[in-house]
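Dear colleague,

I am handing over the structure we spoke about, with the sequence alongside. Please look it over before reading my notes.

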Amino acid sequence: MKPGLFFVISFCLSACTEMPTVQDRHIAAEKVAYDAGWQRLNLDAGAFVLAAFVPPDLPRSDTLTIYIEGDGLAWVNSYTPSFDPTPRNPLALKLALDDPNHHAVYLARPCQYVDAEDRKNCSTRYWTNERFAPAVVASIDRAITQLKQRYGALHLVLVGYSGGGAVAALVAARRHDIKKLITVAGNLDTAAWTSQQQLSPLTGSLNPADAWPQLASVPQLHYAGEHDNVIGPVLTKSYQNRFPREKLPEIVIIPGFDHYCCWIEAWPRLMTTPEVPLSK
């Protein structure tokens with residue numbers, strides 16, 4: 001595996017010099033959720049136990065929006081995979097809390113926020129080269145079905161951030177109840193991404209772009225930041241170009257935004273009027 005992979009592949013590494021502990025990361029995310037009045041759920045989803053945060057007493061509705069987290073802390077340095085992929089900055093959770101429709105829940109990726117016996121099958125491969133493996137997609141799909149049944153929904157909107165965008169697309173490709181697929185800086189063509197960055201392929205992972213025939217009938221909206229150096233507009237367009245002209249998914253490129261800034265601040269507006277150009 002090329003050395004550059006270990007640095008670039010971890011989407012959520014920050015410039016901080018001091019590494020937060022696993023407990024610190026768990027507590028930080030739980031505080032964000034609890035301060036908003038949301039509660040924690042652990043969902044037994046087959047191969048993995050997946051953490052979710054949901055608002056209490058969420059009323060039943062025909063449509064439920066489910067936010068899927070990014071890859072999190074996949075690597076601690078250029079050569080060492082993280083022991084725990086819980087993100088330092090749970091951006092998808094913060095987007096869910098700011099959802100203007102107020103009928104949303106949040107779903108973490110495998111092995112994020114879980115510990116003890118709930119860490120079953122938590123091999124590092126599931127947040128490195130096999131982060132989009134069939135077993136991962138199947139587990140997320142199963143958890144989504146549980147959330148749908150819990151809230152009596154008929155239709156789903158899936159919102160995925162970064163690597164969570166890949167998972168959201170792969171799940172949408174296997175379901176028939178998706179009202180809309182939305183991604184934010186989503187990794188939608190992993191082969192193009194590894195080629196652009198001169199990285200080793202994500203062996204064992206599925207590529208969302210290869211699922212375009214199943215996704216051609218799904219309404220889609222993909223946000224990309226103009227200055228995103230992790231997953232930029234070129235990669236989003238690579239995914240779009242897989243589709244026939246009459247089925248092209250919608251892309252909105254946001255001026256001034258990058259992989260992290262400034263999605264949270266802009267999110268209520270983006271979910272209400274996605275066609276309005278925004279800047280910092």
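Below is what was found, going from the whole fold to single residues.

Please keep in mind throughout that this is a predicted model. The protein contains nine helices and eight strands. Its radius of gyration is 17 Å, close to the 19 Å that the globule rule gives for 280 residues, so the protein is as compact as a globular protein of that length. Along the principal axes, the C-alpha atoms occupy a box of roughly 45 × 45 × 35 Å. Buried residues account for 56% of the 280 residues, and of the contacts between residues at least 6 apart in sequence, 74% link residues at least 24 apart. The exposed surface comes to about 11,700 Å², of which carbon and sulfur atoms supply 52%. As for charge, there are 25 positive and 27 negative side chains, and the centres of these two sets lie 4 Å apart.

Tyr161 belongs to strand 5 (residues 155-161) and, because its relative accessibility is 1%, under the 20% cut-off, it counts as buried. Beyond its neighbours within four places in sequence, Tyr161 is in contact with residues that include Ile68, Glu69, Gly70, Val184, His259 and Tyr260. The C-alpha atoms of Tyr161 and His259 are 9.5 Å apart, although 98 residues separate the two along the chain.

Finally, some backbone details deserve a careful check. Most residues other than glycine have a negative phi, and most peptide bonds are trans. Asp57, in the loop between strand 2 (48-54) and strand 3 (63-68), has a positive phi of about 55°, and at 77% relative accessibility Asp57 counts as exposed. Asn121, in the loop between strand 4 (104-107) and helix 4 (134-150), likewise has a positive phi, of about 60°, but at 46% relative accessibility Asn121 counts as partly exposed. The peptide bond from Cys261 to Cys262 is cis, with omega near 0°, and Cys262 is found in the loop between strand 8 (250-254) and helix 9 (263-272).

Conventions. Residues are numbered from 1 along each chain as its sequence is written. This is a predicted model: local features need pLDDT of at least 70, side-chain atom pairs count only at pLDDT 80 or more; totals for chains, interfaces and linings use all residues. Side-chain values use heavy atoms; hydrogens and water are left out. Helices (H or I, at least four residues) and strands (E, at least two) are DSSP runs, numbered from the N terminus. The radius of gyration is taken over C-alpha atoms; the globule rule is 2.2 Å times the number of residues to the power 0.38. Buried means under 20% relative accessible area, exposed over 50%, partly exposed in between (1.4 Å probe, protein chains only). Contact means heavy atoms within 4.5 Å. Accessible areas come from the Shrake-Rupley method with a 1.4 Å probe; for residues, only the protein chains shown count as cover. Lys and Arg count as positive and Asp and Glu as negative; His and the chain ends are not counted. The place of a charge is taken as NZ of Lys, CZ of Arg, CG of Asp or CD of Glu.
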